[in-house]
Amino acid sequence: MRPRVDWMTQADERVLEFLHEKDIIASPSVIAANIDYTQEYISRRCRKLTDAGLLQRADASNYRLTDLGERFLAGEADADDFTLDKPD
């Protein structure tokens with residue numbers, strides 16, 4: 001079971017699941033088109049997930065899932081592993 005993380009949104013989990021299921025590196029616009037959110041919103045969420053260590057920038061516009069992101073999806077990570085110190 002995945003840990004409950006206060007700052008995470010449903011979109012965050014969908015971003016992580018999309019990158020995991022497709023096993024790809026993708027831009028926020030590609031992710032957004034596939035999970036029915038706006039590119040602007042997914043771009044902000046990807047930055048937040050990167051700050052938390054769940055995603056990593058592959059280059060200037062693309063993201064990949066990290067090992068921590070994989071562990072989170074598998075329910076093997078503790079919420080304390082990726083708590084953000086910065087407010088929204």
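Q: Is serine 27 buried or exposed?
A: In this predicted model, serine 27 has 12% relative accessibility, so this residue counts as buried. The cut-off for buried is under 20% relative accessible area.

Q: Where is serine 27 found?
A: Serine 27 lies in the loop between helix 1 and helix 2.

Q: And what does serine 27 touch?
A: Leaving aside residues up to four places away in sequence, serine 27 touches Ser61 and Asn62.

Q: Where is aspartate 23 found, then?
A: Aspartate 23 is also placed in the loop between helix 1 and helix 2. Its relative accessible area is 69%, so aspartate 23 is exposed.

Q: What is the phi of aspartate 23?
A: The phi of aspartate 23 is positive, at about 50 degrees, although this residue is not a glycine. Aspartate 36, another residue other than glycine, has a positive phi near 65 degrees.

Q: Where is aspartate 36, and is it buried or exposed?
A: Aspartate 36 sits in the loop between helix 2 and helix 3. With a relative accessible area of 68%, aspartate 36 is exposed.

Q: What about threonine 38; where is that one?
A: Threonine 38 is found in the loop between helix 2 and helix 3. Its relative accessible area is 46%, so threonine 38 is described as partly exposed. That term covers values between the 20% and 50% cut-offs.

Q: How many residues apart are threonine 38 and proline 28, and what separates their C-alpha atoms?
A: Threonine 38 and proline 28 are 10 residues apart along the chain, and their C-alpha atoms are separated by 8.8 Å.

Q: Changing topic: at what angle do helix 1 and helix 2 pack?
A: Helix 1, residues 10-22, and helix 2, residues 28-35, pack at an angle of about 105 degrees. Their axes are 10 Å apart. Angles of 65 to 115 degrees count as roughly perpendicular, and helix 1 and helix 2 are therefore roughly perpendicular to each other.

Q: Which residues meet there?
A: From helix 1, the residues are Ala11, Arg14, Val15, Phe18 and Leu19. They meet Ile31, Asn34 and Ile35 of helix 2. By class, the contact of helix 1 with helix 2 has six nonpolar residues, one polar and one charged.

Q: At what angle do helix 1 and helix 3 pack?
A: Helix 1 packs with helix 3, residues 39-51, at an angle of about 80 degrees, and the two axes are 10 Å apart. Helix 1 is therefore roughly perpendicular to helix 3.

Q: Which residues make that contact?
A: Helix 1 contributes Ala11, Asp12, Val15 and Leu16, while helix 3 contributes Tyr41, Ile42, Arg45, Cys46 and Leu49. The residues of this contact divide into seven nonpolar, no polar and two charged.

Q: Stepping back, how many helices and strands does the chain have?
A: The chain has four helices and two strands. Along the sequence they follow the pattern α-α-α-β-β-α.

Q: What would the radius of gyration be for a compact globule with 88 residues?
A: A compact globule of 88 residues would have a radius of gyration near 12 Å, and the chain agrees because its value is 12 Å. The C-alpha trace spans about 30 × 30 × 25 Å along its principal axes.

Q: What percentage of the residues is buried?
A: Buried residues make up 42% of the 88 residues in the chain. The chain exposes about 5200 Å², and carbon and sulfur atoms supply 43% of that area.

Technical notes. Residues numbered from 1 in each chain as written. Predicted model: local features only at pLDDT ≥ 70, side-chain atom pairs only at ≥ 80, totals over all residues. Heavy atoms only, no water. Axes fitted to C-alpha atoms, helices over the stretch in contact; angles between N-to-C directions. Parallel < 35°, antiparallel > 145°, perpendicular 65-115°, else oblique. Contact = heavy atoms within 4.5 Å. Nonpolar A, V, L, I, M, F, W, Y, C, P; charged D, E, K, R; others polar. Rg over C-alpha atoms; globule rule 2.2 N^0.38 Å. Buried < 20%, exposed > 50% of the residue type's maximum accessible area, 1.4 Å probe, protein only. Areas by Shrake-Rupley, 256 points an atom, 1.4 Å probe, with all protein chains shown as cover.
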